[in-house]
Amino acid sequence: DSSEDEVAPRNTIGNVPLKFYKDEEHIGYDISGKKIKKQARKNMLETFLARTDFSKKLIVHDDYNDEDVEIPKEWQELIRALLKGKTPHADVNPYPDYVDWVKHDAVHPMSNAPEPKRRFIPSKSEHKKILRKAIRKGHITFEPPKEEKRIYRDLWGDDSSSMDKARQGLRFIPPPKAKLPGHEESYNPSLEYIPTQEEISSYELMYEYEEDRPKFIPKRYDSLRKVPAYDNAVSESFARCLDIVLCPRVRKKRINIDPESLKPKLPNRKDLRPYPITCFLEYKGHNDAVTSISVHVSGQWLASGSKDGMMWDVGEAVNCVAWNPVPDRLIMAIAAGQDVLVLNTGLGSAEDQQRVKELVNFDAPSETDNSDKSTPIVSWIKHDKHEGIRLKHIKTVTSVEWHRKGDYFSIVMPTGDSKAVLIHQLSKKVTQRIPFKLHGHPVSSVFHPSRSILFISTKKSVRVYDLLKEKLIRKLEPGVREISSIAVHPAGDNVIVGSREGKVCWLDMDLSTQPFKILKCQPKDITNVAFHRSYPLFVASSENGTAYVFHGMVYSDLNQNPLIVPLEILRGHTTTHGRGVIDCTFHPRQPWLFTAGSDSDSVIKLYCH
């Protein structure tokens, strides 16, 4: 009965083996925790009599609970059926009568599946039998099989091509083969292959290092059995094995490109004319190196300054000269030592002279920027020898640059610290410091051609300041060792920078703060760079006595990059004390170039187209 399975066993020892209780008086514990005593063991005769089938009872001893269990008669029949392989339950008929569930008089078929395709295709086995009969009778004939071409491998040749075909494009590179022996490595070579003792001795004198000397010197033997064993056989074999295993081999595809196609396509120089080519005129008169030149905006007057101080006899070496950019103001600014002289040149009409005298004449001296009650930075004094003004500074002035309106001009004192760059106003006779902090020693300053912007170049960078808003707009970084000069394009959006390492950097401020193009055009320092006002030309002069002329076209389309083409190398100046061309400038209206240097005869050259 299945209800007996739900009854808990009397012994609650679980999975503990009964052998653990072999020497005990009990065999476990019941559900209440009491010991289950072992029953008295029957002898063999009593056990045999109890199991004798007198009453048709089957008794089985339960060792777990230590009791005899009587198996019912129904269970005995079930066990006998299982042992004989029959159906266990007696009420089940293993062979019932067949019941036909299908009605054979039905109209519809049992399956409505479509006919398979194989029933409409001829049998392949029957097709083979038909072919065999047709072949035997000669109705069907076949072409004889083609003989495969045997390929003989070249043992002494390069097997790279055959390996590539066999590998079907796999990235496999065969190891390099050893050099095959020649006639000089024969055991009995010809006499012309055997060097003399003098030639062997010359090898030691010719090659200083042993690895550069010949590895093998031919020798001659009468027979092959007299040839000794090669001393370096093992070492060379081992070295070759290392080369084959350790040396990386990479397959590289060689691209056949014409080198001329890699060069940028530049226009012909004849199509870019006019530009200065030949020296047309020379100006002489100085006794020492010419340090600065300047051409008037009308193109009629040329001013030059020299170390001999011959610019209106200023008494000191002239560092810089600059004409006023306004055509009717024929005023010259001269930097000599610590002074800046603003002089009336005496040129022009009476009306022009009247306006110039009003600008350069004043009665009382002026001292500017003396808020800390110390030595003034600039003193405005009337010049005692010439008609003009003398601006006395505390340090040496190296550069003077006029504003486009002709009233302001800036000066640079490279050792002046925070007061290195000053802006003077000629009409009011005042001086002001720029309200910016300079990072590094300034080299030069340039005004923007059309806006109130000031470019100040230090030795490492170029800073662009807005004078109206008094803030830094942009910081240009040419990436050179030291900046020597700077020039701004007439449109105001491009800047060229010359360096002490012979490089010219073109910077497009609308594009980036980094150089758009770097030109390594000079082997020595760049002394000056300049743009032409009306022609797409710029020049870079160097201390090696040459001046490089370039074509620099700037387009109004922002998507088109500037076109830079080298045009001409102008030679003619000689170097003295390591200095060549010191200054250069273009004619304001013509494609002419003026150059000045440290020649022995202190000459100024004019180059024309």
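This is a predicted model: local features need pLDDT of at least 70, side-chain atom pairs count only at pLDDT 80 or more; totals for chains, interfaces and linings use all residues.

Residues are numbered from 1 along each chain as its sequence is written, and side-chain values use heavy atoms, with hydrogens and water left out.

The chain contains eight helices and 32 strands, where helices (H or I, at least four residues) and strands (E, at least two) are DSSP runs numbered from the N terminus. Of its 609 residues, 33% count as buried; by buried I mean under 20% relative accessible area, by exposed over 50%, and by partly exposed anything in between, with a 1.4 Å probe and protein chains only. The accessible surface comes to about 41500 Å², and carbon and sulfur atoms hold 53% of that; accessible areas come from the Shrake-Rupley method with a 1.4 Å probe, and for residues only the protein chains shown count as cover. As for contacts, meaning heavy atoms within 4.5 Å, among those with a separation of 6 or more, 47% are between residues 24 or more positions apart.

Ser499 lies in strand 23, residues 494-499, and at 1% relative accessibility it is buried. Leaving aside residues up to four places away in sequence, Ser499 touches Val480, Glu482, Ile483, Ser484, Asp525 and Ile526.

Now to the backbone. Most residues other than glycine have a negative phi, and most peptide bonds are trans. Against that background, the peptide bond from Arg273 to Pro274 is cis, with omega near 10 degrees, and Pro274 sits in the loop between helix 7 (259-262) and strand 5 (278-283). His577, with phi at about 55 degrees, belongs to the loop between strand 29 (563-571) and strand 30 (581-586), and here the residue is exposed, at a relative accessible area of 81%.

Arg119 pairs with Glu115, and their closest N and O atoms are 2.2 Å apart; Arg119 is exposed at 57%, whereas Glu115 is partly exposed at 48%. Lys226 and Asp222 also meet in a salt bridge, at 3.6 Å from N to O, with Lys226 partly exposed at 43% and Asp222 exposed at 66%. Arg269 forms a salt bridge with Glu568, with 3.4 Å between the closest N and O atoms. That pair links distant parts of the chain, 299 residues apart, with Arg269 in the loop between helix 7 and strand 5 and Glu568 in strand 29. Both partners count as partly exposed, since Arg269 has a relative accessibility of 38% and Glu568 has one of 21%. Finally, salt bridges that share partners join Asp328, Asp352 and Arg355 into one network.

That leaves the surface patches, which are made of residues with over 30% relative accessible area and no salt bridge, like charges being joined within 9 Å and nonpolar side chains (Val, Leu, Ile, Met, Phe, Trp, Tyr) within 5 Å. For charge, Lys and Arg count as positive and Asp and Glu as negative, while His and the chain ends are not counted; the place of a charge is taken as NZ of Lys, CZ of Arg, CG of Asp or CD of Glu. A negative patch is formed by Glu208, Glu210, Glu211 and Asp212. Asp212 is found in the loop between helix 5 (197-206) and helix 6 (233-246), and this aspartate is partly exposed, at 45%. A nonpolar patch of about 440 Å² is made by Phe238, Leu242, Val245 and Leu246; Phe238 lies in helix 6 and is exposed, with a relative accessibility of 53%.

Technical notes: A salt bridge is a side-chain nitrogen of Lys or Arg within 4 Å of a carboxyl oxygen of Asp or Glu.
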